[in-house]
Amino acid sequence: MSQSEKEPVPREGIDIPFGPPPEEYLYRCPVCGEEELINEAIIDVAVGAAKFRGEYQGRLPNLGCPGCNGETMEYVEQK
C-alpha cells in the first residue's frame, strides 16, 4: 500500500460545530412577577405537549412558573 499525504481539512464551518445557539424568549408571570428567558427547545416541548392534548392555539404556550408553581408564565414581546 502506498501512503499518500493527507490534505489538511478545511477550517470552514468547524468553529461552530452545532450551529448558532438556540433563541431565548422572555416569559413573565402576571401573578408573582417572575421573569425568565426560556430556551426555544423547552418551548418546542410545550407546543408538542399542547398539540398532543389538543390544546394548541397557534401561539407561544403558557409555561409553569417557578415562583408560584402555576401554569401562568406568558410570553412577553421584547422591544
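Tyr27 has a relative accessibility of 0% and therefore counts as buried, since the limit for that class is under 20%. The model is predicted, and the values below are computed from it.

**Aromatic pairs**

A pair of aromatic rings is described by the distance of the centres and the angle of the planes. The count here comes to 2 aromatic pairs. One of them joins Tyr25 and Tyr75 in an edge-to-face arrangement. Tyr25 belongs to strand S1 (residues 24–28) and Tyr75 to strand S3 (residues 74–75), so this pair ties together parts 50 residues apart in sequence. The rings of Tyr27 and Tyr75 have planes at 65°, so they too are edge-to-face, because an angle over 60 degrees falls in that class. This pair also links distant parts of the chain, with Tyr27 in strand S1 and Tyr75 in strand S3, 48 residues apart.

| Pair | Centre to centre | Angle between planes |
|---|---|---|
| Tyr25 and Tyr75 | 6.0 Å | 70° |
| Tyr27 and Tyr75 | 6.1 Å | 65° |

Which residues form one aromatic cluster? They are Tyr25, Tyr27 and Tyr75. Tyr25 has a relative accessible area of 21% and is partly exposed. Tyr75 is partly exposed as well, with a relative accessible area of 33%. Tyr27, at 0%, is buried.

**A charge over a ring**

Another contact involves Lys51 and Tyr56. The charged end of Lys51 sits over the ring of Tyr56, at 5.3 Å from the ring centre.

Notes. Residues numbered from 1 in each chain as written. Predicted model: local features only at pLDDT ≥ 70, side-chain atom pairs only at ≥ 80, totals over all residues. Heavy atoms only, no water. Phe/Tyr/Trp six-rings, centres within 6.5 Å; stacked < 30°, edge-to-face > 60°. Helix = DSSP H or I, 4+ residues; strand = E, 2+ residues; numbered from the N terminus. Buried < 20%, exposed > 50% of the residue type's maximum accessible area, 1.4 Å probe, protein only. Lys NZ or Arg CZ within 6 Å of the ring centre and 35° of its normal.
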